[in-house]
Amino acid sequence: MKVSTIILNIVAWALVLFWALPFIGLIASSFQTFESVTKGWWTFSSLTLNNYIYVVTKGFLRHIGNSVVITIGSVIIPLIVAGMAAYAFSRLSFKLKTMLFLVIVALQVIPQQMVLVPLLKLMRLTHLYNTIIGIILVHSAFATPWILFFLKNFVDVIPRDYEDAAKVDGSSDIDVFFRIILPLMAPALGSVAAIQAIWAWNDLLFAITFLMPENWPSTAAVTTFVSRYNPNWGALTSASLLSILVPITLYICLQKYYVRGLSGGLKA
Amino acid sequence: MYQSPTLKYFLFPAFILMGIFVVYPVIFTVILSFYTEVTTEGQVYTIFIGLSNYIKAFNDPRFWIAFKNSLILLLIVPLAMGIGLGFALLLHRKDIIGKTILRTLVMAGMVVPPVIVGITWLLALDPWAGIYNKLLQLLGFPPRAYLYDPETSIYAVVLAATWAWVGFTTTTFIANLEAIPKELYESAAIDGAGPVKMFLTITLPLLRPSLIVNFVMTMLYALKLFDIIYVLGAESPPLHTAPLAYYMYYVMWFRYDYCYAATLAVILTAIVLLASFWYLRKMVKL
């Protein structure tokens, strides 16, 4: 091996490890006592599982459960709803189509803050406030514009021959959608599901606005351990690690879908 | 061309969902920004006050602090793009051993919940338990609570947010780099071009798509940043690190001034739309 290659490798590893230090610290601290964390987790002066036992006895697993339910609902609903709309949008031509499309594109970038106040009033009025189904509906609706846009671009390039043949045989739109279009959309659906799952899991603002603390998902519940003058490092880091497990696993398993989903925008 | 008469019903679920939970609240927020709520003898009255909320924002010193903080957070754009491009060029090379592990370590940042990013940096910058604070102390800096010091706290937020977002920019850059045909470099090498010339004449121009995507997405990320600030500024009125995206939440939950909060949301949205206008126009043309 050339000397330059060796140096390059050392530089690359050193840079990345330096970059990852805060994260390594998070993992290392979660297995240490408070005293050894305050001395510096890099001293590794203790090894314990007590932090995990502590957050589990505080009921943290219930919050993980909430996250799982919210995430699954917030992926499946917009996927089907926006998938159907994307198909119709791609195949139909009607008045207002361009205008509706413009609105959908603009809605993709709207900050969450823009809907908070009226939604809070609406949720209280309809008794959706502090319910899991309520927050799933909000997440689903908020994700529909970009998923619709993403999937429409994908459906646009699916040739019509298959569906035309099926229609000649007398299949209904529902049949065509679920038997032909949906399977053909599979790669795009994979990317959308991967990105949307992370978005729903990671969200904080909707969760703390529309749910009471006992129903919070894990990312919101972690913040209850934050304390400026008396940081409970053990609880903070172990709860963090528990809430990170699902997104990291998803990412490692579905890496190609993320890259594909993100580079979908590269044609711009 | 034949169009199925029932296909239009496929649009309805999506439009109903968006209509109730997105379009209606967006319109209502705009309307609320022209009103104010007055409570007299237990009754809440909503009164039209025209542009008064906007004038109030204009004269509100806290609004301008938040505005300035939002601008400072835009530092994330050059930082995350520069570091992301550096990592992408390094980790794109074939001669790096354990490339997959290194890539995952850098890129996984984009899936870490921002709340956890905040906690990670709470620890990393802690004067006693923080590794980065310790390293700075080894370099001769005195121990300092960078996160709670009004002079440094907003820049600590910039660092934490950049750290998390570099995963996204690196991913986008690597995807783009891998799409550049190798033949271009081979023929440039035959013509005697050096690495710097190759970078400037081949790599950089062909990276244009990812440069645009990263620029716009990072700008939107910086303007909407909320979770990291929520964690890093917890437990004190954290308004010296609060950008507009946080100040709106503060007004809503700690001052119960829904109409003024709506006004701030409208201003934030206007800035976001302005920042993405050119990009959105491009998307529609697709």
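1. Ground rules. Residues are numbered from 1 along each chain as its sequence is written, and chains are lettered from A in the order in which they are written. Since the model is predicted, local features need pLDDT of at least 70, side-chain atom pairs count only at pLDDT 80 or more, and totals for chains, interfaces and linings use all residues.

2. Helices crossing between chains. Two packed helices are described by the angle between their axes and the distance between the axes. The axes of H1(A) and helix H6 (residues 114-124) of chain B come within 9 Å and cross at roughly 90 degrees (axes are lines fitted to C-alpha atoms over the stretch in contact, and angles run from 0 to 180 degrees between N-to-C directions). So H1(A) is roughly perpendicular to H6(B) (angles of 65 to 115 degrees get that label, under 35 is roughly parallel, over 145 is roughly antiparallel, and the rest are oblique). Residues making this contact include A:Phe23 and A:Leu26 from H1(A), and B:Trp121 and B:Leu123 from H6(B). This contact has 7 nonpolar, 3 polar and no charged residues.

3. Helices side by side in chain B. Now look at helix H11 (residues 208-224) of chain B and H14(B), which pack at about 175 degrees with their axes 10 Å apart. That makes the pair roughly antiparallel. Among the residues in contact are B:Met219 and B:Leu223 of H11(B), with B:Val272 and B:Tyr279 of H14(B).

4. A two-faced helix. In helix H5 (residues 97-107) of chain A, A:Ile104, A:Val105 and A:Leu107 are buried (buried means 20 or more other C-beta atoms within 10 Å of a residue's own, exposed means 12 or fewer, and partly exposed is in between, with C-beta atoms placed from the backbone). Seen down the axis of H5(A), the buried residues fall within an arc of 160 degrees, so they line one face (the arc is that of the directions from the helix axis to the C-beta atoms). A:Thr98 and A:Met99 are exposed on the other side. What do the buried residues of H5(A) pack against? Their partners are helix H7 (132-156) of chain A, plus helix H1 (12-32) and helix H14 (258-285) of chain B.

5. A:Met114. This residue is in helix H6 (residues 113-125) of chain A. Is A:Met114 buried or exposed? A:Met114 is buried, because 24 other C-beta atoms lie within 10 Å. Leaving aside neighbours within four places in sequence, A:Met114 is in contact with B:Val26, B:Thr29, B:Ala265 and B:Thr269.

6. Positive phi. A:Phe44 has phi near 45 degrees, a positive value in a residue other than glycine. A:Phe44 sits in the loop between helix H2 (34-39) and helix H3 (50-57) of chain A, and counts as exposed, with 11 C-beta neighbours inside 10 Å.

Conventions: Helix = DSSP H or I, 4+ residues; strand = E, 2+ residues; numbered from the N terminus. Contact = placed C-beta atoms within 7 Å. Nonpolar A, V, L, I, M, F, W, Y, C, P; charged D, E, K, R; others polar.
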